[in-house]
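Notebook open, model loaded. I want to look up a sheet, a loop residue and some salt bridges.

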Amino acid sequence: MVPHVSLAAMLDSRSSPEEASAAFDVADIVVEAATVDAARALIPEVVKRGKDIIVCSCGVFAERGFDVEPFGSGPGRVLLPTGAIGGFDVLAAATRAGSRDARLTHTTIKRPSALGIEERPDAERTVFRGSAREAALAFPRTSNSSVALALATLGLDRVEVVVVADPAAANTRHVVEWESPLGRYELTFENAIDPASSGRTSAITAWSVIEVLAALPLGIGPGAVVIGPSRRS
């Protein structure tokens with residue numbers, strides 16, 4: 001699927017520390033696609049070995065006690081796939097041009113069950129409005145795109161996130177709105193749902209990870225966010 005890339009090992013919650021250590025030693029890059037708890041444990045272990053890690057559960061960076069600074073000085077890098085949304089290239093460029101008067105909102109519309117809401121509302125309803133950091137803490141399994149977007153642009157405490165439960169939603173919709181003296185942008189994404197995710201994950205997300213893997217030999221392109229000391233938190 002990706003030229004010159006092969007699977008060295010696969011770990012899960014049943015893997016022993018010895019199996020994990022052996023896998024990290026043999027791999028050139030590690031992909032985390034588990035949980036925030038797994039990401040919290042894996043990132044330091046992988047980076048200190050000088051290996052790159054692609055982190056899907058990037059809500060871990062919303063935790064106040066989890067410092068991103070040590071991961072920017074190497075030797076390994078932490079890479080966040082853009083996941084279910086895009087436009088990071090133009091939004092990061094707009095941020096670099098000047099962020100003081102900028103506003104960025106990410107609205108996610110999903111079926112209630114995908115958001116962990118047991119009751120079924122009669123109509124579309126906003127169930128959360130707050131910062132990207134607060135969204136990741138409230139919805140750790142469905143806010144990864146918001147965190148990646150925030151880390152690529154204005155930071156976790158300045159990007160506004162709106163979460164909407166829609167009982168009629170067949171797909172997942174994302175609307176990203178930017179406004180600053182540089183311009184106004186509105187990006188809309190409507191994604192098919194990965195059938196194995198109970199409605200939580202867009203099918204494009206896995207392909208986003210694969211795109212990062214494919215780009216690594218050529219250098220990091222717009223399909224990844226690189227965590228480092230200069231990133232806004």
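My entries follow, starting with the ground rules.

**Ground rules.** I am working on a predicted model, where local features need pLDDT of at least 70, side-chain atom pairs count only at pLDDT 80 or more, and totals for chains, interfaces and linings use all residues. Residues are numbered from 1 along each chain as its sequence is written, and side-chain values use heavy atoms, with hydrogens and water left out.

**Sheet.** I looked up an open sheet of four strands and got the order S1-S2-S3-S9, with mixed pairing. Its edge strands are S1 (29-32) and S9 (224-227), each pairing on one side only. From one strand to the next the twist averages 25°. For my own record, strands (E, at least two residues) and helices (H or I, at least four) are DSSP runs numbered from the N terminus, and two strands pair if DSSP finds at least two bridges between them.

S1 pairs with S2 (residues 52-55) in the parallel sense, over four bridges. I checked Val30, and its bridge partner in S2 is Ile53. Helix H2 (residues 36-47) packs on the sheet and touches S1, S2 and S3 (78-81), its direction making about 160° with that of S2. Contact here means heavy atoms within 4.5 Å; axes are lines fitted to C-alpha atoms, for helices over the stretch in contact, and angles run from 0 to 180 degrees between N-to-C directions.

**Asn171.** I found Asn171 in the loop between S6 (160-165) and S7 (172-180). Leaving aside neighbours within four places in sequence, Asn171 is in contact with Ile109, Glu190, Asn191, Ala192 and Ile193. Buried, exposed or partly exposed? Asn171 is partly exposed, at 28% relative accessible area (buried is under 20%, exposed over 50%, partly exposed in between, with a 1.4 Å probe and protein chains only).

**Salt bridges.** My search of the whole structure gave 13 salt bridges (a side-chain nitrogen of Lys or Arg within 4 Å of a carboxyl oxygen of Asp or Glu). Arg64 and Asp157 form one at 3.6 Å, N to O. Arg64 lies in the loop between S2 and S3 and Asp157 in the loop between H5 (144-152) and S6, so this pair ties together parts 93 residues apart in sequence. Arg64 is exposed at 65%, while Asp157 is partly exposed at 38%.

Asp157 also meets Arg133 at 2.8 Å, N to O. Arg133 sits in helix H4 (residues 132-138), so that pair links parts 24 residues apart in sequence. Arg133 is buried, at 7% relative accessibility.
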